[in-house]
Amino acid sequence: NPLNGAQFVLAAHRISQLPADRGAEVAFAGRSNAGKSSALNALTGHKGLARTSKTPGRTQQMVAFSLPPLAQGDGNAPLDARLIDLPGYGYAKVPEELRAHWKQEIDAYLHQRRSLRGVVLIADIRHPLKEFDRMMLDFCFETNLPCHLLLTKADKLSRNQATQALAAVRREFGEGVQASAQVFSSADGTGVEPAREAVVALLRR
Ligand code: GDP
């Protein structure tokens, strides 16, 4: 697992506090409680990496995790790679003002961050593509960033229902957006391996 060995670097309230903007990074976004922390932990094989919180939306920060240098082959030096956990979004108890702040901050991050290679968007497979998810897809379209969607908690549906949900989401992707989607479950491991490959492909892009 190339994402094994991820380590907490820092938590940031603003973009200027993030690690130096070089190498390659992939950002993780999702509505609060979608299962983003669990997905990060499953992908990195590190149970306690991202804190799965009992009070969603409480920790409004961007968190940077470093990865071991990623081999690139073709004679290039190994890639300095990171994952960025964007603040959970959309929890009802987060004041409107703070929500607006984070919308602006995420927008600025996606537009300005030069080392950003792509976005992993996490959505609950039982109710995907809410307003926040569409906003993220729009941001990705505007910034020409690929977006890989993890439809998580797939263990809550039958295999047939999950396949149908995936097909429905794929039909909803707009023209021109570089989006891909897969089913995922942190609980039973569904889709973890292909998701790792997708993250690595984004980092190497
Ligand atoms: P976050 O707010 O997006 O970081 O979400 P968390 O990772 O903290 O998860 C929110 C809740 O969903 C927790 O109670 C998790 O145990 C649960 N959860 C997360 N992923 C899965 C999954 O794949 N399957 C199931 N059944 N529950 C999950």
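Tutor: β6, helix α4 (residues 159–172) and β7 make up a right-handed β-α-β unit; right-handed says that, with the strands pointing away from the viewer, the path from the first strand over the helix to the second runs clockwise. Helices (H or I, at least four residues) and strands (E, at least two) are DSSP runs, numbered from the N terminus. Please keep in mind that this is a predicted model: local features need pLDDT of at least 70, side-chain atom pairs count only at pLDDT 80 or more, and totals for chains, interfaces and linings use all residues. Residues are numbered from 1 along each chain as its sequence is written.

Let's start with the two strands. Strand β6 (residues 147–152) pairs with β7 in the parallel sense over five bridges, where pairing requires that DSSP finds at least two bridges between two strands. Opposite leucine 150 you will find glutamine 182 of β7. In a regular strand the side chains alternate between the two faces of the sheet.

Now the helix. The buried residues of α4 are Ala162, Ala165 and Val169. Seen down the axis of α4, these fall within an arc of 60°, so they line one face of the helix; the arc is that of the directions from the helix axis to the C-beta atoms. On the other side of α4, Asn160, Gln164, Ala167, Ala168 and Arg171 are exposed. Among what covers the buried residues of α4 are β6 and β7, contact being counted when the C-beta atoms of two residues, placed from the backbone, lie within 7 Å.

The length of α4 checks out too: at 1.5 Å a residue, its 14 residues should span 20 Å, and its end C-alpha atoms are 20 Å apart, which agrees. The expected span is 1.5 Å times one less than the number of residues.

Finally, the wider setting. Seven strands form an open sheet in the order β1-β3-β4-β2-β5-β6-β7, with mixed pairing. Its edge strands are β1 (7–12) and β7, each pairing on one side only.

Definitions and conventions. A residue is buried if 20 or more other C-beta atoms lie within 10 Å of its own, exposed if 12 or fewer, and partly exposed in between; C-beta atoms are placed from the backbone.
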